[in-house]
Amino acid sequence: MDSLGPAQPDPRSASSIISLRGVTFRYPRALAPALRYVSLEVGEGERMLLVGPTGSGKSTLLRLLIGVVPHLTPGDLVGEAEVLGLDVRTTPPHALAARGVALVAQDPAETFVAERVGAEVAFGPEGLALPPAEIDARAGEALAAVGLGGFERRRVRELSGGEQQRVALAAALAMRPRLLLLDEPTAHLDEATARGILRSIDAVARDRGMSLVIVEHRLGIVARMATHALVIAAGTVARTGDPRSVLADVRVAELGVPVPRSTLAATALRLGEPVPLAPEELAARIDPAGAASIPAPASRSDTTALRFVAVGYTYPSSDRAAVRDVTFTVVQGERVALVGPTGSGKSTVAKLALGLRRPDAGAVELSGMPTVGTPMGELATAGGLVLQDPVRQLLAETVEDEIRLGLGHLVPSDARTRIDDALTRFALGDLRRRHPLTLSEGERRRVVLAAAVARRPAVLVLDEPTLGQDAHQRDALVHVVVELAASGTAVLVISHDPEFVNDACERVLVMREGALAADLPLGGDPRTIAAVASAGVPLADVPATVCLMAERGATVAARSLDELVDRVRPREVRS
Amino acid sequence: MTALDPRVQLAGLAAVVIGALFGGVPGVAVAAAAALVTVRPLGPGRVVRRTVVYVAPLAAVILVADALAGQLDRGALTAARVLALALVGSAFAAVADGEALVAALRWLRVPYDMTFALVAGARLVPVAAADLADLSDAARLRGISIDGGPVDRLRSWSRLLVPLLVVTIRRGLRLGEAMEARGFVPGAGRTVRSRLVWRTSDTVATVAAVAYAIGVIAIGR
């Protein structure tokens, strides 16, 4: 694609931590290169934000910087690639790690090698054959730096998601890196935990003068800690520069980069420099454009799709209740978000809702069928589930068979019609004969969604559906959810993504420690938003802006970006 | 048990297994008791329940087969032995410290790569079980019965094997990449942080374990 701006930075090789010149990389058998003529420089102590749509080459670039590409994942590498002055082409990952390059991955649970925190953090330094006393010192220091002092003997699998990510960060810091690579380190975390992790990363990087390359979708937070941003699209560098100005470039949003709504609103309102990145920066610079009109709540169907009555559940392998005394009802066509910290019981509620687990106490009714006593085959006709990892749901040998798999209860002609509809709706027609496991991650997600939607379930559960999705894919998913609900399906969304929850849902259930802590409508008026915020639900940028404006007496009602832009104007600054 | 040196833990495990295999009813009883004492701090109910659920069908088959062959006593002992050994294995897995075990095995001159593979493999078992649970949930929600009769079950579970294999291989590759990116080089010299400290209690426990094993074998002869 054409460059959007100053794509080639000035060489600063004297203090370069990373120096890439004209790097092109192609995976074996790939039609197009994953990276094309990429040139970039990162100096000592610089913190680079790497953004781009899904499949743009961000992960390949990170894997190149740690040497996984081309040493463990071979392919054709052309151009000059130096990290810490070492030629990546001839320096394997372990040698780069020994010299001071460390990587923190998206899902720490997938990369843990040890059972206990202390051993996990010590694994890297042990590989450097350091004396045990120094390994102990490094491990202790690294754990203290991430706020996990005293956790050495804890088992990693018993920690919360946020604590696990801190362990992964400590493990990287124990190698005393000069360059820290972070691949969406907060993707699996709730908003509050993610903010804490990112603050820790920022503090440690500044304190130690480390260089950072961070891929992250919470751009409103990360852009403020980055010294510069680089946009990559279709494998090429599309834009570089100051993070605020990069994100304010409308062409960057058009690529599918999840630019903060605060920034998009500021751009639409022509607020000028400095471009706001977060609601607090936006709210301070806008005023209502007229009297606030509070929209009336939408009318709902009165047919129950899902009912929980005083439901309790404890896993056989646990002594602690995963769900306690949960009561709620979801009607046909409703779009409900299920939010709460990691481990609060959201996934268990989803499994109970679909009959995959039977309650120990209380009752669950799915489309009028009690989940206790109704055969799973019957419940399966009424419920659908899309997990965050599509690979764990793909069971057939072709895309078409994958969709057909759940339609065994239909006569063949009806099944055929639904398969064709699903293939068309999710743009899978050309892939119908392909094995689902040979598809890209995005295509696999579409297959899983198509298979679930084709069954026309009364209740569809989406578990973290926006993980790894860019802004365009997220918008498409919102569209699917709204369309499904309009056709009568009740959609239950488990998500840590406040923007998706705001766009796709009309009600929020808040889980905390296995109990239902709040059941609230989502809306655009300040009072509704304040109630949601006080229940501890992280707000999307637009509702957060409305809430912050209301706190200073400026009342406006808006839920979407368009509504906000229509109803506010730049604030007049009196000298 | 966790207070003991990991080398002693391994010796104790070996002694109890020898007892269960060659010590008749008393040996089986000692093994079961040792397992229960070991997991007592964790709450034995969970470990026992899980082990019995998985192993009881095998034990029942053995018992019935021997009973039909007119050897009920032998069947009962073998079934009890299988249960006791499974309990011992579960108890050891529940309390053993992987890092300490690696140190102990290295002391026994077992190559690091092998000990690490053993510990990492054991760690991946519950992860693979969780993957399989997700896959079976996905199948059940598509109307595929994974219960039913033995033939239906076999057919349904076989459908899950390929995706499970793919998920496990993918996980293994990611783990391998992550290890190399953290400086791991197969076969290269490493330091092991865990230090082995031998106490008087370890000597006493080792002597007891060795004496027990020798006694069982001697009486068995």
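**Figure 1. Contact between the two domains of chain B.** In this predicted model, 6 residues of domain 1 of chain B are in contact with 6 residues of domain 2 of chain B; two residues are in contact if their C-beta atoms, placed from the backbone, lie within 7 Å. Domain 1 of chain B covers 1–109 + 200–221 and domain 2 covers 112–186, with bounds that come from an automatic or database domain assignment. On the domain 1 side, helix 5 of chain B gives the most, with 5 residues. The residues of that side divide into 4 nonpolar, 1 polar and 1 charged. Here Ala, Val, Leu, Ile, Met, Phe, Trp, Tyr, Cys and Pro count as nonpolar, Asp, Glu, Lys and Arg as charged, and the others, Gly among them, as polar. The C-alpha centres of the two domains of chain B lie 27 Å apart. Residues are numbered from 1 along each chain as its sequence is written, and chains are lettered from A and ligands numbered from 1 in the order in which they are written. As this is a predicted model, local features need pLDDT of at least 70 and side-chain atom pairs count only at pLDDT 80 or more, while totals for chains, interfaces and linings use all residues.

Figure 2. Helices (H or I, at least four residues) and strands (E, at least two) are DSSP runs, numbered from the N terminus. In helix 5 of chain B, 8 of the 10 residues are buried, so this helix is largely enclosed by the rest of the structure. A residue is buried if 20 or more other C-beta atoms lie within 10 Å of its own, exposed if 12 or fewer, and partly exposed in between, with C-beta atoms placed from the backbone. The buried residues run through B:Gly98, B:Glu99, B:Ala100, B:Leu101, B:Val102, B:Ala103, B:Ala104 and B:Leu105. Their cover includes helix 4 (117–127) of chain A, together with helix 1 (6–22) and helix 6 of chain B. Just after helix 5 of chain B, B:Arg109 has a positive phi of about 70°.

**Figure 3. B:Tyr112 in helix 6 of chain B.** B:Tyr112 lies in helix 6 of chain B. This residue counts as partly exposed because it has 17 C-beta neighbours inside 10 Å. Leaving out residues up to four places away in sequence, B:Tyr112 touches B:Arg106 and B:Arg190. From B:Tyr112 to B:Val192 the C-alpha to C-alpha distance is 9.4 Å, although the two are 80 residues apart in sequence.

**Figure 4. The side of chain B that touches chain A.** Between the chains, 42 residues of chain B are in contact with 52 residues of chain A. At least two residues of the chain B side come from each of helix 3 (44–68), helix 5 (98–107), helix 6 (112–140) and helix 7 (150–180) of chain B. Helix 7 of chain B gives the most, with 12 residues. By type, the residues of the chain B side divide into 15 nonpolar, 7 polar and 20 charged.

**Figure 5. An open sheet in chain A.** This sheet has 4 strands in the order 2-1-4-5, with antiparallel pairing. Its edge strands are strand 2 (35–43) and strand 5 (86–87) of chain A, each of which pairs on one side only. Two strands pair if DSSP finds at least two bridges between them. Strand 4 (residues 76–83) and strand 5 of chain A are joined in the antiparallel sense over 2 bridges. A:Glu82 stands opposite A:Asp87 in strand 5 of chain A.

**Figure 6. Helix 11 of chain A.** Because 6 of the 8 residues of helix 11 (residues 261–268) of chain A are buried, this helix is largely enclosed by the rest of the structure. The buried residues are A:Arg261, A:Ser262, A:Thr263, A:Leu264, A:Ala265 and A:Ala266.

**Figure 7. Nonpolar cores.** A nonpolar core is a set of buried Ala, Val, Leu, Ile, Met, Phe, Trp, Tyr and Cys residues joined through C-beta atoms within 7 Å. The largest has 202 residues, and A:Ala170 is one of those that touch the most other members. Helix 17 (residues 441–454) of chain A gives the most to this core, with 8 residues. A second, separate core of 38 residues includes B:Ala15, B:Val28, B:Ala86 and B:Val102.
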